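Hi everyone, thanks for having me.

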Amino acid sequence: MLIHNGKVLFEYGDIEENSYIASCRKSILAILYGKYVDNGKIDLDETIGELGIDDVEGILPIEKTAKVRHLISARSGVFHPASYPGGMYEYSPARGSVVPGEYWLYSNWDLNVGGYVFEQKTKRNIYDEITRQLAKPLEMQDWDRSLQRKDGDPALSKYLAYPIWFSTRDMARVGQLMLNEGKWNGKQVISKAWFNEMIQQRTTHKEINKNVPTFRGSHVSMGIVICGGCTKM
């Protein structure tokens with residue numbers, strides 16, 4: 001879909017089919033976080049040790065000092081295996097060798113735990129919150145709650161991934177929402193403060209290419225929670 005100034009200029013293929021949005025799921029979780037950071041239910045500076053986060057292989061003392069903000073920017077320094085494929089653990093340093101917040105690695109463990117923290121602190125299901133915060137306000141045409149379910153191997157990690165299925169035209173609505181700085185039909189769906197926080201750079205392309213030499217920005221789309229890319233806290 002090609003959209004300019006909120007108007008659809010061009011469409012090609014099946015824009016109604018719901019498909020797995022892969023790394024973009026983390027951008028969606030970023031949006032959901034905002035309301036609860038704003039109202040104080042989620043404290044980005046709370047550590048995973050304070051939250052009682054543990055896992056199959058255990059969490060090291062230094063890793064327990066990682067904060068929620070580090071989880072959702074892929075900078076936790078926790079290199080525990082994830083329950084779901086797609087991370088870049090072949091490039092990870094030895095566990096316990098980096099200070100949380102000081103090293104970026106594209107990590108499904110970080111963002112899966114970020115999803116777990118969201119649900120624990122808000123007492124709300126991620127998919128129900130997508131319905132509430134995005135699908136309804138943006139009048140999504142194809143959102144299907146019945147397609148959405150967590151996945152992963154609990155023998156590897158307790159923290160399952162939250163795959164999300166969207167259609168092209170519904171994802172285009174999310175893109176337009178961000179272009180509108182969180183506003184939809186005159187209503188601030190994402191607070192301006194959280195929108196500004198999401199788009200701050202936290203990791204440079206130089207750090208990405210140094211830590212993952214073959215990456216070359218192929219997943220770069222990252223704000224505060226937003227998949228594997230360039231962010232700076």
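What you see here is a predicted model, so please keep that in mind as we go. Let's begin with the largest nonpolar core, which has 53 residues. The residues with the most contacts inside this core are Y33, W109, I130, L134 and I164. Who supplies it? The helices α1, α2, α3, α4, α5 and α6 each give at least two residues to this core. The largest share, 7 residues, comes from α1. If you are new to this, here is a handy rule: in soluble globular proteins, nonpolar side chains tend to be buried together.

How many of the residues of α4 are buried? It is 8 of the 10, and therefore α4, which runs from residue 126 to 135, is largely enclosed by the rest of the structure.

Now pick out E129, which sits in helix α4. Is E129 buried or exposed? With a relative accessible area of 1%, E129 is buried. Setting aside neighbours within four places in sequence, E129 is in contact with L32, Y36, F118, R124 and L134.

Next, over to R169, a residue of helix α5. R169 has a relative accessible area of 17%, and the cut-off for buried is under 20%, so R169 counts as buried. Which side chain does R169 join through a polar contact? That partner is D142, and the contact is 2.7 Å. Not counting residues up to four places away in sequence, R169 touches M1, I15, E16, Q141 and D142.

Let's finish on the outside. L2, L9, F10 and Y12 make a nonpolar surface patch of about 500 Å². Take L9 from that group: you can find L9 in strand β2, residues 7–10. L9 is exposed, with a relative accessible area of 54%.

How values were computed: Residues numbered from 1 in each chain as written. Predicted model: local features only at pLDDT ≥ 70, side-chain atom pairs only at ≥ 80, totals over all residues. Heavy atoms only, no water. Buried < 20%, exposed > 50% of the residue type's maximum accessible area, 1.4 Å probe, protein only. Helix = DSSP H or I, 4+ residues; strand = E, 2+ residues; numbered from the N terminus. Polar contact = N/O pair within 3.5 Å; in protein donor to acceptor, adjacent residues only side chain to side chain. Contact = heavy atoms within 4.5 Å. Core = buried A, V, L, I, M, F, W, Y, C linked by side-chain atoms within 4.5 Å. Patch = residues over 30% accessible without salt bridge, like charges linked within 9 Å, V, L, I, M, F, W, Y side chains within 5 Å. Areas by Shrake-Rupley, 256 points an atom, 1.4 Å probe, with all protein chains shown as cover. Salt bridge = Lys/Arg side-chain N within 4 Å of Asp/Glu carboxyl O.
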